[in-house]
Amino acid sequence: MEDGKRMGGITSEYRGVRKRKWGKWVSEIREPGKKTRIWLGSFETAEMAAAAYDSAAFHLRGHAAKLNFPELIEHFPKPASSSPEDIRLAAQQAAITVQNTNSMASTSHGHEAPVTVGLSPTQIQAINDFPMDSPNMWTTHEDINFTYEMSDYQEMDDCLWDYSSTNSF
């Protein structure tokens with residue numbers, strides 16, 4: 001979808017993106033001053049296609065470009081030149097950047113975006129004082145003897161078995 005027009009597929013909330021009948025999201029952009037379009041690619045998610053569009057739009061139109069993710073544009077790769085091939089390559093790399101960001105956030109937290117947890121100074125100190133994840137906590141120390149012999153234990157008078165009667169079987 002560009003400027004709200006439907007272009008042979010299901011429209012998207014993102015600029016320059018539409019969904020094919022078979023489920024793939026595609027993105028393309030019109031070259032400034034021309035009737036031709038640059039095909040940016042076919043993607044698994046609408047966000048990936050939108051990132052591809054943003055990368056190309058920013059290269060072609062600069063700061064005047066209307067972007068889907070203006071807060072991410074500085075993190076997207078820049079095309080090596082203004083050739084359609086270089087624009088497409090940078091756009092596809094931008095889509096991969098968004099895919100990797102979303103997959104890391106969803107696998108590590110079960111959400112679409114990272115979760116920030118605030119800890120008080122007391123909680124941080126407690127974690128530092130007792131680091132359960134410390135590699136030193138799980139290593140064996142040579143100066144500690146963990147072997148015991150039976151002589152180290154007192155004999156128990158309350159034995160479950162009575163050995164005083166020597167009945168033979």
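Tutor: Start with a definition: buried means under 20% relative accessible area, exposed means over 50%, and partly exposed lies in between, with a 1.4 Å probe and protein chains only. This is a predicted model: local features need pLDDT of at least 70, side-chain atom pairs count only at pLDDT 80 or more, and totals for chains, interfaces and linings use all residues. Residues are numbered from 1 along each chain as its sequence is written, and side-chain values use heavy atoms, leaving out hydrogens and water.

Student: Which residues of α1 are buried?
Tutor: They are A46, M48, A49, A50, A51, A52, Y53, D54, S55, A56, A57 and F58. That makes 12 of the 16 residues in α1, so the helix is mostly covered by the cut-off of under 20%.

Student: What elements does the protein chain have?
Tutor: It has 4 helices and 4 strands. From the N terminus the order is β-β-β-β-α-α-α-α. Helices (H or I, at least four residues) and strands (E, at least two) are DSSP runs, numbered from the N terminus.

Student: Back to α1. How far does α1 reach?
Tutor: From first C-alpha to last, α1 reaches 22 Å, close to the 22 Å expected at 1.5 Å a residue. The expected span is 1.5 Å times one less than the number of residues.

Student: What follows α1?
Tutor: G62 does, and its phi is positive, near 70°.

Student: New topic. How many aromatic pairs are there?
Tutor: The count is 1. Y14 and F69 form a tilted pair, 5.4 Å centre to centre with 50° between the planes. Rings of Phe, Tyr and Trp (its six-membered ring) pair if their centres lie within 6.5 Å; planes under 30 degrees apart are stacked, over 60 edge-to-face, and the rest tilted.

Student: Where do Y14 and F69 sit?
Tutor: Y14 is in the loop between β1 (10–11) and β2 (17–19), and F69 is in the loop between α1 (46–61) and α2 (84–109), 55 residues apart.

Student: Is Y14 buried or exposed?
Tutor: Buried, at 12% relative accessible area. F69 is buried too, at 13%.
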